[in-house]
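Me: I have a chain open here and want to go through it with you. Can we start with the surface and then look at the helices?

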Amino acid sequence: MEVAVQAALLTVLLIYAALRDVKTREISPYLCMGVALLSLLDFQAENLLGLGIPLILWLTATYICPEKLGGGDIKLSASVSLVIGFPATAYGIIIAFSIVVLIYFSLKPFSQKGEVRNLSLPLAPFLAVGFLITYFMKIGGYIL
């Protein structure tokens, strides 16, 4: 029962985060705290290892591309990692970034010189898709 409630609430909160990120380019810290609190419905200590993934994102945002990755995306990834754990978080981010890359390259032929390079996409919708895919795979028994 707790997993069903957690799944429904996580889905609603991630969709809301995606919509807010598209509209305002911000993800509320309160929303991230709400997602993190969902981990208490089905807490597993090994899910704390998932916090290593947002650390990698933070390092990427700080040193490689500081203007492309926002703090809200990192906080959202950290809060989701408490719910879904390390492997699902890693797979979710891989799925999200893969979708972003596919969209980037699909837009490239239709753009004028340099327009796509300056394109800034909100990341939360892609993270939501990746995290929800891996979360439902996990509760369905497909991720180790």
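Reply: The model is a predicted one.

Me: Which secondary structure elements does the protein chain have?

Reply: There are five helices and zero strands. Along the sequence the pattern reads α-α-α-α-α.

Me: What share of the contacts is between residues 24 or more positions apart?

Reply: Taking the contacts with a separation of 6 or more, residues 24 or more positions apart account for 81%.

Me: Now H2. Which of its residues are buried?

Reply: Helix H2 covers residues 29-37, and Leu 31, Cys 32, Val 35 and Ala 36 are buried in it. These four lie on the same side of H2 because they cover an arc of only 140° around the axis.

Me: Which residues are exposed on the other side of H2?

Reply: Tyr 30 and Leu 37 are exposed there.

Me: What do the buried residues of H2 pack against?

Reply: They pack against helix H1 (2-24) and helix H4 (71-107).

Me: Which residue caps the N-terminal end of H2?

Reply: Ser 28 does. One of its side-chain oxygens lies 3.1 Å from the backbone nitrogen of Tyr 30.

Me: Back to H1 and H4. At what angle do they pack?

Reply: The angle is about 170°, and the axes are 12 Å apart. H1 is therefore roughly antiparallel to H4, as angles over 145 degrees count as roughly antiparallel.

Me: Which residues of H1 and H4 meet?

Reply: On the H1 side they are Gln 6, Leu 10, Leu 14, Ala 17 and Asp 21. On the H4 side they are Asp 73, Leu 76, Val 80, Val 83 and Ile 84.

Me: Why does Tyr 104 count as partly exposed?

Reply: Its relative accessibility is 25%. Buried means under 20% and exposed over 50%, with partly exposed in between, so Tyr 104 counts as partly exposed.

Me: How far apart are Tyr 104 and Leu 121?

Reply: In sequence, Tyr 104 and Leu 121 are 17 residues apart. In space they are 9.2 Å apart, C-alpha to C-alpha.

Technical notes
Residues are numbered from 1 along each chain as its sequence is written. This is a predicted model: local features need pLDDT of at least 70, side-chain atom pairs count only at pLDDT 80 or more; totals for chains, interfaces and linings use all residues. Side-chain values use heavy atoms; hydrogens and water are left out. Helices (H or I, at least four residues) and strands (E, at least two) are DSSP runs, numbered from the N terminus. Contact means heavy atoms within 4.5 Å. Buried means under 20% relative accessible area, exposed over 50%, partly exposed in between (1.4 Å probe, protein chains only). The arc is that of the directions from the helix axis to the C-beta atoms. A polar contact is a pair of N or O atoms within 3.5 Å; within protein, one must be able to donate a hydrogen and the other to accept it, and residues adjacent in sequence count only if both atoms are side-chain atoms. Axes are lines fitted to C-alpha atoms, for helices over the stretch in contact, and angles run from 0 to 180 degrees between N-to-C directions. Angles under 35 degrees count as roughly parallel, over 145 as roughly antiparallel, 65 to 115 as roughly perpendicular and the rest as oblique.
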